Amino acid sequence: MPALGPLADEDEASWDATLRWHRKLYEGGWLGITWPTEYGGRGGTLLQEIICDQELDQAGSGVPFTGPGIWLLGPTLIQWGTDAQKRRHLRKVLSGAEIWCQGYSEPNAGSDLAALQTRAVEKDGHFIVNGSKIWTSLAHRAHWMFLLARTDSAAAKHSGISYILVDMKSPGIVISPLVQMTGARHFNQVFLEDVRVPVENLVGRKNQGWQVAMTTLAFERSNGQERIMMRRVQELARLATTLSRNGRSLWDDSAVRQQIGQFAAEAAAIRYTGFRQLTRQLKGLPPGPEGSMIKLSASELGLRIAAFATEMLGPFAQLERADRLAIDRGLWAQRILEARGPLIYSGTNEIQRNILGERVLGLPKG
Ligand SMILES: Cc1cc2nc3c(=O)[nH]c(=O)nc-3n(C[C@H](O)[C@H](O)[C@H](O)COP(=O)(O)OP(=O)(O)OC[C@H]3O[C@@H](n4cnc5c(N)ncnc54)[C@H](O)[C@@H]3O)c2cc1C
């Protein structure tokens with residue numbers, strides 16, 4: 001089974017296994033269930049897709065993370081792309097022949113995304129792109145990037161932005177690795193200098209990329225965390241049964257069981273919030289606050305579960321997977337280091353709190 005999850009790309013063998021699993025799922029018809037059949041999907045319903053994802057999770061595998069192609073770019077292109085763009089990319093995204101990365105964040109534009117400074121100037125049928133993107137997951141593996149660039153500097157902040165597809169082999173692109181505290185290289189800074197992009201690669205209308213970007217962000221916030229947390233609790237419970245202290249299984253310690261029970265209750269609440277979100281979707285209603293609630297609570301629960309596993313493991317928590325004494329192949333050492341990422345990506349938790357405070361509780365804007 002390939003190592004799945006956001007950092008499954010960290011070594012070559014793990015990345016290759018993840019790609020193989022991606023292709024196998026595609027060949028079996030288990031990816032893009034709601035996508036139109038003409039682009040390699042099944043033309044199925046959202047409910048069918050959710051059931052399929054749940055079954056994959058139950059089997060301990062999940063849909064592999066090979067970048068934001070299937071998850072973000074595909075659904076955005078289905079909604080906004082031209083026929084030519086759909087024909088050119090969608091089937092390859094689904095099959096894993098094209099790996100994508102997301103060029104949104106910049107050194108001075110993260111939570112305040114509309115502050116982005118990358119510029120695209122139209123000239124002779126091309127955009128000439130200059131700027132820099134940062135924290136770009138998988139840029140070093142990607143064939144393509146979807147990016148946001150300013151195409152009208154005089155326009156108001158959220159106007160004058162365009163959504164553009166860039167071939168990563170274009171001259172003028174330099175990819176610089178950013179190594180994380182896990183030791184893995186998951187993301188990068190990407191420099192773009194006079195990169196020529198055909199105007200046909202514009203998605204949506206010029207200067208109206210913010211609307212397209214918001215479509216992508218809506219898909220980004222429904223990232224399946226509500227399904228993952230229950231499995232995390234099960235893994236933690238299994239860990240408690242395999243560890244012992246002073247000759248006693250940790251599972252026999254009522255304080256340990258109570259804490260795991262508390263996590264299970266929270267994971268169940270997140271799962272049911274996910275079902276409420278699904279009900280809204282099935283009724284064709286616009287997204288409610290559930291996405292922010294799930295994002296906030298699931299990421300914080302993930303961090304607390306990893307911290308508790310670290311406590312249970314004691315000194316063994318420091319052993320990484322190359323160490324022969326590492327328990328669960330050093331999974332928890334990696335988890336505790338990775339666990340802060342989900343508090344930041346897809347809109348930081350402070351931003352989610354702002355959204356909930358303002359839109360749900362009706363608090364005044366800070
Ligand atoms: C694992 C991981 C993968 C990522 N992958 C990608 C990727 O592939 N492509 C991409 O484009 N980006 C990616 N990102 C970047 C991510 O989207 C940004 O880190 C995020 O949007 C926050 O932006 P920032 O880092 O500039 O922090 P800032 O926006 O500078 O925020 C710094 C701190 O200030 C707080 N803050 C900011 N504004 C407010 C406010 N209005 N109210 C209250 N608090 C506030 C934030 O919550 C945060 O704690 C990734 C990040 C991570 C961790």
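Hi everyone, let's begin at the ligand, where a polar side-chain atom of S137 sits 2.8 Å from one of the ligand's nitrogen atoms. Please keep in mind that this is a predicted model.

With W135, the backbone takes part instead: a polar backbone atom of W135 is 3.0 Å from a nitrogen atom of the ligand. How much of the ligand does the protein cover? On its own the ligand has 970 Å² of accessible area, and the protein covers 64% of that.

Now let's look at the whole shell. There are 16 residues around the ligand, and the nearest are S105, S111, W135, T348 and E350. What kinds of residues make up this shell? Nine are polar, six are nonpolar and one is charged.

Let me finish with the cysteines. As a reminder, a disulfide is a covalent bond that joins the sulfur atoms of two cysteines. How many disulfides does the structure hold? The count is zero.

And are C52 and C101 buried or exposed? The cut-off for buried is under 20% relative accessible area. C101 has 0%, so C101 is buried. C52 comes in at 11% relative accessibility, and therefore C52 counts as buried too.

Conventions. Residues are numbered from 1 along each chain as its sequence is written. This is a predicted model: local features need pLDDT of at least 70, side-chain atom pairs count only at pLDDT 80 or more; totals for chains, interfaces and linings use all residues. Side-chain values use heavy atoms; hydrogens and water are left out. A disulfide is a pair of cysteine sulfur atoms within 2.5 Å. Buried means under 20% relative accessible area, exposed over 50%, partly exposed in between (1.4 Å probe, protein chains only). A residue is near a molecule or strand if one of its heavy atoms lies within 4 Å of it. A polar contact is a pair of N or O atoms within 3.5 Å; within protein, one must be able to donate a hydrogen and the other to accept it, and residues adjacent in sequence count only if both atoms are side-chain atoms. Accessible areas come from the Shrake-Rupley method with a 1.4 Å probe; for residues, only the protein chains shown count as cover. Ala, Val, Leu, Ile, Met, Phe, Trp, Tyr, Cys and Pro count as nonpolar, Asp, Glu, Lys and Arg as charged, and the others, Gly among them, as polar.
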